[in-house]
Amino acid sequence: MKSVQRRLADCGQDHLLRFWDQLSEDERTKLHRDISELDLEEVTSYFERALHSSDVSQKTLDDEISPIPTGNIASVKTVDEEQIRLYEKLGFEEIADGKAAVLVLAGGQGTRLGVPYPKGMYNVDLPSGKSLFQLQAERILRLQNMAEKKYGKKGEITWYILTSEATHDTTTDYLRTHNYFNLKEENVKAFKQGMLPCFTFDGKIILDQKYKIAKAPDGNGGLYRALFVQGILDDMMKRGIRSVHVHSVDNILIKVADPIFIGYCLSTSADCGVKVIEKSSPDEPVGVVCRVNDIYQVVEYSEITKKTAELRSDDGQLIYNAANICNHYFTVDFLRNIAKNHEHELKLHVAKKKIPFVDDDGNRIVPKSPNGIKIEKFVFDVFKFAKRLTVWQGSRKDDFSPLKNADTSGEDCPCTARRDVLELHKKWLLNAGAFVKGDVEISPLVSYAGEDLDHVKGQTFEGRYVLE
C-alpha cells in the first residue's frame with residue numbers, strides 16, 4: 001500500500017485515500033484496484049495537455065485555414081454517372097472479396113434522447129418498428145447479397161461495434177437476443193473503449209464514492225487504443241480486411257460500407273477518407289473539414305469568425321462547406337500505424353460537466369452546475385497522420401439524419417429521423433414509378449439505396465406500410 005501512497009503523492013493525487021480509514025475491506029479492495037488500473041503519470045499529464053489544447057482552441061483560426069484542394073475532394077453532385085458506377089464496382093469487389101468491414105461508434109448513452117439504454121437500440125417509430133442496430137445490420141446483409149449476385153463470391157462484412165462500460169453488456173445482450181439480426185455471430189464483434197478519470201478544474205481526480213474514482217469514456221477517439229488493446233486489429237488482419245468504414249451509430253440514414261464511398265477511396269489510394277455533406281448555411285453549428293497550416297483537420301464552428309464562415313467562391317458555394325458527419329474510411333494499415341505509433345499524440349479535448357463527487361464529509365453530491373472536466377479524444381484527430389487523405393461529398397437527404405435529442409427539441413430527434421427515412425423511401429418509390437399516399441418504409445433487405453424496385457411500377461401505396 002505504501003508504494004501506492006507514494007505514487008499518488010508524487011502525482012499530487014493523495015487525496016484519493018482520504019477516506020481509507022472509513023472503508024470496509026471490500027471497499028478498500030475496490031479503491032486499490034481502481035487506482036492500480038490507472039497509469040497515474042499518464043493520466044495526470046492528460047490534464048495538463050487537455051487544458052493546453054482547450055486554451056489553443058479558444059483562438060480563431062481564420063489566418064491559418066484553407067479549403068480542401070480540389071484534387072482531394074469529389075462530390076456526388078458533380079461526378080458523372082459513369083465514374084460513380086466505377087467507384088461502386090470497386091466497392092462491391094472489396095465486399096465480395098471479404099476485404100470490407102464496418103465499425104460503428106456506439107459507446108454513447110441515450111442521455112439527450114431521454115432513454116436509459118444505448119442509442120443503437122432506439123426505435124424512432126418507423127412502420128417496421130426497427131431499431132438503428134437492426135436497420136444497419138440489414139443493410140450489411142443486403143450488401144453481402146448484392147455483392148454475391150454481382151461477382152459470384154460470398155464475401156462477408158465483419159461488423160465491429162465500439163461500446164463503453166455503460167453500453168457494452170446491454171448492447172451484446174440485445175444483439176444476442178435478436179440473433180444478430182441474421183448476421184453470423186462470428187462476424188459481429190463488440191469491444192469496449194477505455195475510461196479516463198474525471199478531474200476538478202484544478203487537476204484533482206474526482207471520487208464518485210469514498211471507494212470509487214469518477215470515470216468517463218475516453219471519447220470516440222478512444223477507438224484507436226481499444227483496437228490495439230482488445231485484439232481487434234489482429235482480428236482484422238487475420239480476416240484479410242483492408243477497408244474499414246467507421247461511422248456513428250446515431251445516423252439513421254447511414255449507408256454502412258457504402259460501396260461508392262469505399263470505391264472512391266480505393267481509386268485514390270487513400271489511407272484515410274472522409275464523407276462530408278454541404279453545410280446547410282454559414283451558421284450551421286457543425287465542424288468543417290479543411291486544412292490548418294496545410295494539415296487536414298476538423299475545425300469547429302466556434303474556431304472561425306462569422307466573416308470566414310460566410311466566404312463564398314465565384315460560383316456562390318461556401319468556401320468552408322465540407323460539414324463533418326462522423327463518416328470515415330480507413331485502411332487497416334493506417335489504423336495499425338495510429339494505434340502503434342501515434343495514439344499517444346492525439347489531441348485531448350475538455351468537456352466541462354456536472355460530475356457527482358464526494359465532499360470532505362464523505363457525502364455524495366450531485367452538482368447543479370459544471371464542477372469538473374471529462375477528457376475526450378476525437379476520432380477525426382488522426383487526419384494529420386494520413387499519407388493520402390481524400391474527401392467525398394455526399395447528399396444530406398441521402399446520407400445524414402442524426403438522432404441526438406428528444407422530440408421536444410424539434411431537431412435531430414426521433415420525429416426528424418423518421419421523416420427523413422420516409423421522405424427518402426418515397427423518393428425511391430416515385431422514381432420507380434409507384435404512387436405513394438402514406439408513410440411507406442422500404443426494408444433494407446429489399447433495397448439498399450433505391451435499386452431493384454422495378455416491381456413496384458404502377459402500384460399505389462397507402463397508409464403506414466412496410467415494403468418487405
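Cysteine 413 is buried in this predicted model, at a relative accessible area of 0%. Its sulfur lies 3.4 Å from the closest cysteine sulfur, that of cysteine 415, which is too far for a bond, because a disulfide requires two cysteine sulfur atoms within 2.5 Å. Cysteine 272 is also buried, with 0% relative accessibility. For cysteine 272 the closest cysteine sulfur belongs to cysteine 265, at 8.3 Å, again too far for a bond. The structure as a whole holds zero disulfides.

Salt bridges, in contrast, are present: a search of the whole structure finds 35. One of them joins aspartate 250 and lysine 404, whose closest N and O atoms are 2.9 Å apart. This pair links distant parts of the chain, 154 residues apart: aspartate 250 sits in the loop between strand 11 and helix 9, and lysine 404 in the loop between helix 12 and helix 13. Aspartate 250 is buried at 4% relative accessibility, whereas lysine 404 is partly exposed at 27%.

Lysine 192 and glutamate 165 form another salt bridge, with an N to O distance of 3.8 Å. Lysine 192 belongs to strand 5 and glutamate 165 to the loop between strand 4 and helix 6, so the contact ties together parts 27 residues apart in sequence. Both are partly exposed, lysine 192 at 27% and glutamate 165 at 48%.

The salt bridge between glutamate 25 and arginine 28, at 3.8 Å from N to O, lies within helix 2, where the two residues are three apart, about one turn of the helix. Glutamate 25 is exposed at 60%, and arginine 28 is partly exposed at 21%.

Finally, Glu42, Arg225, Glu343 and Lys377 are linked in a network of salt bridges.

Methods. Residues numbered from 1 in each chain as written. Predicted model: local features only at pLDDT ≥ 70, side-chain atom pairs only at ≥ 80, totals over all residues. Heavy atoms only, no water. Buried < 20%, exposed > 50% of the residue type's maximum accessible area, 1.4 Å probe, protein only. Salt bridge = Lys/Arg side-chain N within 4 Å of Asp/Glu carboxyl O. Helix = DSSP H or I, 4+ residues; strand = E, 2+ residues; numbered from the N terminus.
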